[in-house]
Amino acid sequence: MKSHLTAAVGSVVLAAGTLLGAPAAGAQAATASDYPTSDFNIDFGATWTRGTVTWYNRSVRLVGYHRSAVRDSALTCRTTYAYTLQGDRAVIGQGGGYPIACGAVASYNFVVPADQPGGAAYVRVCLDDGNLKDLECLRIPRPRSAG
């Protein structure tokens, strides 16, 4: 009897797991290319940040590079930071700030939450001084759907 109960519970768990994990009929798994993207380039003197924003439903991903430089014999440090914004430009989420590049080029790849229906309307991307002081920023609107 105990083995039948265990088998029955196992079947229910397996069926529930299959149903909960299965996509809806006709649905396909989304790939990165299914989401809109926006490229950006922010310059500040001899330093810069360049990358791509990928717009998801409740977050954005920033992937790119930032460059610091030596200026007047002083080493500068730079990092990239981003804010997700609602339509009224209120901040939803923020993130980034790593890695910090000092006299070098560094790559970054980070996610910023935008946990509200429809996600972020804008992303504000900033080149920072390494201490999270915004030096130069760019506000990027979410691309409109082609439909």
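Reader: Which residue does a disulfide join to Cys126?

Author: In this predicted model, a disulfide joins Cys126 to Cys137, and the S to S distance is 2.1 Å. The pair links distant parts of the chain, with Cys126 in strand β10 and Cys137 in strand β11, 11 residues apart.

Reader: And what is the handedness of that link of Cys126 and Cys137?

Author: The link of Cys126 and Cys137 is right-handed, with 110 degrees about the S-S bond.

Reader: Is Cys126 buried or exposed?

Author: Cys126 is buried, because its relative accessible area is 0% and the cut-off for buried is under 20%.

Reader: How many disulfides does the structure hold?

Author: The structure holds two disulfides. Besides the bond between Cys126 and Cys137, there is a disulfide formed by Cys77 and Cys102, whose sulfur atoms are 1.9 Å apart. Cys77 lies in strand β6 and Cys102 in strand β8, so this pair ties together parts that are 25 residues apart in sequence.

Reader: What about the geometry there, I mean how many degrees about the S-S bond for Cys77 and Cys102?

Author: There are 110 degrees about the S-S bond, and the link of Cys77 and Cys102 is right-handed. As for accessibility, Cys77 is partly exposed with a relative accessible area of 22%, and Cys102 also counts as partly exposed, at 35%.

Reader: Changing topic to the backbone: which peptide bond is cis?

Author: The peptide bond from Tyr98 to Pro99 is cis, and its omega is near -10 degrees. Pro99 sits in the loop between β7, which covers residues 91-96, and β8, which covers residues 101-102. As background, most peptide bonds are trans.

Reader: OK, and phi? What is the phi of Arg89?

Author: Arg89 has a positive phi of about 75 degrees, although it is not a glycine. For context, most residues other than glycine have a negative phi. Arg89 is found in the loop between β6 (77-85) and β7, and Arg89 is partly exposed, with a relative accessible area of 42%.

Reader: Then where is Leu132 found?

Author: Leu132 is found in the loop between β10, residues 122-128, and β11, residues 134-141. Leu132 is not a glycine, yet it has a positive phi, of about 60 degrees. With a relative accessible area of 47%, Leu132 is partly exposed, because the cut-off for exposed is over 50%.

Reader: Let me jump to Thr47. Which strand does Thr47 lie in?

Author: Thr47 lies in strand β2, which spans residues 47-55. Thr47 is buried, with a relative accessible area of 3%.

Reader: What lies 2.6 Å from a polar atom of its side chain?

Author: That is the backbone oxygen of Phe44, which lies 2.6 Å from a polar atom of the Thr47 side chain.

Reader: And leaving aside neighbours within four places in sequence, which residues is Thr47 in contact with?

Author: With those neighbours left aside, Thr47 is in contact with Ile42, Arg67, Ser68, Ala69, Thr76, Arg78 and Leu127.

Conventions
Residues numbered from 1 in each chain as written. Predicted model: local features only at pLDDT ≥ 70, side-chain atom pairs only at ≥ 80, totals over all residues. Heavy atoms only, no water. Helix = DSSP H or I, 4+ residues; strand = E, 2+ residues; numbered from the N terminus. Buried < 20%, exposed > 50% of the residue type's maximum accessible area, 1.4 Å probe, protein only. Disulfide = S-S within 2.5 Å. Polar contact = N/O pair within 3.5 Å; in protein donor to acceptor, adjacent residues only side chain to side chain. Contact = heavy atoms within 4.5 Å.
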